[in-house]
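Hi there,

Here is the structure I promised to pass on. Have a look at it first, and my notes follow below.

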Amino acid sequence: MDLFGNLSLGFGVAFSFDNLLFCFVGVTLGTFIGVLPGVGPLVTIALLLPLTFSLPPEGAMIMLAGIYYGAAYGGSTTAILVNLPGESSSVVTCIDGYQMARQGRAGSALAIAAVGSFIAGCIGTILIALFGPPITRLALQFGAPEYFSLMLMALILTASLVRGSVLQGIGMALLGVMFGLIGMDVNSGALRYTFNITGLADGVEFAVVAMGFFAFAEIISNLEHDRQREVFVNKVSSLMPTREDMRRSIGAILRGTGIGAFFGILPGAGQTISSFAAYMFEKKVSRRPEAFGQGAVEGVAAPEAANNAAAQTAFIPTLTLGIPGSATMALMLGALMIQGIAPGPQIMTDHPRLFWGLIASMWIGNALLVVLNLPLIGLWTRMLKIPYRWLYPGILVLSCIGIFSINNSTTDVLLAALFGVLGYVFMKLSCEPAPFVLGFILGPMLEENFRRAMLLSRGDPGTFISNPISAGFLLVSAVVIVAMITPSIRRKKDLAIDESA
Amino acid sequence: MYVTKGFLAGLLFMVFGGGAAAIAFTYRMGTATQMGPGYFPALLGVVVMAIGLVMAIRAYLSPEGSEPAERLHLRPMVLILAGVVAFGLLIRSWGLAPAIAALLVFGRMAGREGGPIEFILMLVVLTVLPIIVFIYGLRIPLEIWAQ
């Protein structure tokens, strides 16, 4: 069967010594990053982007992916032990996880989180393998109008699901698109918005924007106030969960996985929303909802499973359609582009080794995470105590070297500094960077498809609506916009996002 | 006071959108069928400007809808900016080591925490480690001390 053939190809790629090493490095780094407060997977992936240039494409993606779901996973450790989420999607785990730790059941909580994440990760990987090819086949038949509407929909969905008004989100997305247009216009050869700076002729390097927004701006923001943070770490006794705990968790894990898998595919704040949604859902269907908040093991199992499942399924639109659903996925796409691989449905047919190798290595990575995390708990908790004043200089040095190494260009570094300031200003104005980053990545392709669609329809903009699939995407966008404007739904969304902030 | 986040963000959008559209109109427009380089950016610029206008008006008319703008902390912003710029300017002409040093000095001034010994230690570690990892490990062509 096609699936088995593809999977065996994938495992063949994933089990090569190099790729195993990259996978291992990726998940270890990812967990480490997930544990450290103040440094998220976004920053890490942004930092490592330029360096993956020198790695082979499969290895680079395997490592970056490992970091990504490793961090989703590692954030739960701090959430449980210290009541500090290492990752935004682990916020919900704090609620019951920390209570379990205070009751001396930290080991059980950690183990359940690990097992739950593993099961969710496996199921997520299977989903990618199952749904990837048919979605890709469908997408390959898309024409210019469909692509345009699809990308627009992704932008609008992301813009609507982040904090703040929909209008602002869309504005950010379009602003990002415009920045993405800087450089030479492929169609006409004209230079746009370069202001005679040679370094801009090829456009703004993606890593420059990423570094500026997610590393520099973040650091500036964190340095606003001198921070003293007391970290009290709960003792971890035994790591074996009780039979009772396991029995109660299995349902939660499966339900959480389902919710996470669904939300992960949607563009927008997939991971964070999914863990929150899984928690609320679990509480609703539980026979003892009052136990939640006091150390209910389901309160740990469900969100952990959800956020790991979401981390996996987020790859589906990214790899099959070339449409990233979040800033992190946009970074992944950026990494692919640095490797010279054009994002889109042709990735599966043009680079099967990369596609299936990546999927197979996700499964390996999930297994590694369980094996790694549990014994190394002591190490991770010690990491928690690293003061920020040691971290941020390291991030600064790493980012600067990374940016410079892309093109040996001083302009890139200076631009990154500018984007750092811009990113900081955006933060102060509560303008979300995620839609901007997505717009930036999709910008040139958006214009290309718009152009082509108009060319084919001879200047008729109705082509986007007369085409059924394209109309469908636009309809979804419109529905979402209207939904987000409706005060009641908007309040629920804001509440959900604020709670997870 | 109406200087809320929404208002300022709206203004920002208007500036960016308007500026981009103005520049775009100087490029060749072409027709809808055969778009010139200026068509799409001009379109986008106008839309962004319109969005900014709506946001600003909304925020102006009902300032309770948005939060008051937070203060920009200039010190860390300017110092980090200076540090990265220093790195960028120095790495070509003077080499990696001076560039890192400049970056760390500015970074330290932005952070204000930690003693001098710690700083020296950090300087050493964060210069030696990248040299090993990047220049020798990943073989990225960087000069430690440029001539």
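To start with one residue: in which helix of chain A is the place of Thr328(A)? Thr328(A) sits in helix H14 of chain A, residues 327-338, where helices (H or I, at least four residues) and strands (E, at least two) are DSSP runs numbered from the N terminus. Thr328(A) is buried, at a relative accessible area of 13%; buried means under 20%, exposed over 50%, and partly exposed in between, with a 1.4 Å probe and protein chains only. Leaving aside residues up to four places away in sequence, Thr328(A) touches Leu42(A), Ile45(A) and Tyr68(A) (contact means heavy atoms within 4.5 Å).

A word on conventions. This is a predicted model, in which local features need pLDDT of at least 70 and side-chain atom pairs count only at pLDDT 80 or more, while totals for chains, interfaces and linings use all residues. Residues are numbered from 1 along each chain as its sequence is written, chains are lettered from A and ligands numbered from 1 in the order in which they are written, and side-chain values use heavy atoms, with hydrogens and water left out.

Now the interface. In chain B, 67 residues are in contact with 64 residues of chain A. Together the two chains bury about 5,800 Å², with 78% of it on carbon and sulfur atoms (buried area is the accessible area, 1.4 Å probe, that two parts lose on being put together, summed over both). Met35(B), Phe40(B) and Glu113(B) supply 10% of the area that chain B buries against chain A, more than any other three residues.

On the polar side, there are 13 residue pairs in polar contact between the chains, both residues at pLDDT 80 or more (a pair of N or O atoms within 3.5 Å; within protein, one must be able to donate a hydrogen and the other to accept it, and residues adjacent in sequence count only if both atoms are side-chain atoms). The largest share of the side of chain B that touches chain A comes from H2(B), with 12 residues.

The rule finds 1 salt bridge across the interface (a side-chain nitrogen of Lys or Arg within 4 Å of a carboxyl oxygen of Asp or Glu). Glu118(B) and Arg389(A) meet through their side chains in a salt bridge, at 2.8 Å from N to O.

Finally, the cysteines: a search of the whole structure finds 0 disulfides over all chains (cysteine sulfur atoms within 2.5 Å). Cys400(A) is buried at 0% relative accessible area, and Cys431(A) is buried at 3%.

Best wishes
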